[in-house]
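Q: Could you show me how to read a protein model, one feature at a time?

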Amino acid sequence: MTLKEYKKSYNKKLLDNIKNKEKTISHLTELDLIKTNSIFNYTGLPDTINKHELEKILQINGYAIITEVNNELVALCGTEAPPYNIYYEPTKIIVANPWGDINKTFTIDDDCILIKNDCYKMGLLPILTRYNTLLCETDITLLCALINMRTMNIIKANDDNEKKVADEFLNKLIAGDLSALLSSKYNMSDNYIETLPYSNTSTNYITQLIEIEQYIRGTKLNEIGLQSNYNMKRERLSSSETTLNEDSLKPLIDDMLEQRETALENVNKKYGTNIKVSKNSAWDKKEDKEDNKNEDN
């Protein structure tokens, strides 16, 4: 395959992917899950429990169980099943895993420990899918706007001959050659070439689309605990506004951490392990700054 053929094939796939909403949303969500997989850092996990697989189950499925299979601790996903406790929460998990040769109904707190991603066992997919659906729409709109901006007007041709002459004129213009149209080959009524307006050339339109996309991306990042100060005022943010934004990052991630810490305490008691979890990298920066301020004081 030549470079020209590759570029043509790549451009076609890119356009097809952008116009395919389901594929675009799925792609954006997978990229987000790659980022969120590093929210938490684990120590003391047995070799049979992969940290990335555990987080994948929790964030996609909303919950997981840790149990012993063939005397080894493993993390599994399953389906909740009755009977329910006094709070209408299921007490059993059905696991059907043909590759692990597991087909069993586990009783929570008896032969397995339930780990929730959050208190509602919602996972991150509803949040990510919501914002990525909006991003998909803005991407398509922005793509159409950028393509439409390539021309401000369309030359109106009354027959094939006039269209051919107009196309030659445009091709020379693209190549950087200034040329003229022969009046004998082009019907110049009233001494002018008739053109039709094609696109909205307002720069404010593109600016609005970019601002909308930045707002959606920033809000999505804030939802999953990452700092992103999208500024719709076109002004500097005050320190109080920045602090307010940082405070809004805490609730979901703090709840996710609490659910993991509580579950792992039960795992350690039941199976004699020493597994610990903490926030990782960017998600723990604000707490580090606060600790340093407290030490300086």
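A: Let's begin with burial: buried means under 20% relative accessible area, exposed over 50%, and partly exposed in between (1.4 Å probe, protein chains only). Cys-112 counts as buried because its relative accessibility is 0%. Cys-119, at 41%, counts as partly exposed. This is a predicted model, in which local features need pLDDT of at least 70, side-chain atom pairs count only at pLDDT 80 or more, and totals for chains, interfaces and linings use all residues. Residues are numbered from 1 along each chain as its sequence is written, and side-chain values use heavy atoms, leaving out hydrogens and water.

Q: How many disulfides does the rule give here?

A: A disulfide is a pair of cysteine sulfur atoms within 2.5 Å. By that rule, the count is 0.

Q: How much of the protein is buried?

A: Of its 297 residues, 32% are buried.

Q: What do contacts tell me about the protein?

A: A contact means heavy atoms within 4.5 Å. Take the contacts between residues at least 6 apart in sequence: 61% of them join residues at least 24 apart.

Q: How many helices and strands does the protein have?

A: Helices (H or I, at least four residues) and strands (E, at least two) are DSSP runs, numbered from the N terminus. The protein has 9 helices and 10 strands. One of the helices is α5, covering residues 160-175, and Leu-170 lies in it.

Q: Is Leu-170 buried or partly exposed?

A: Leu-170 counts as partly exposed, because its relative accessibility is 37%.
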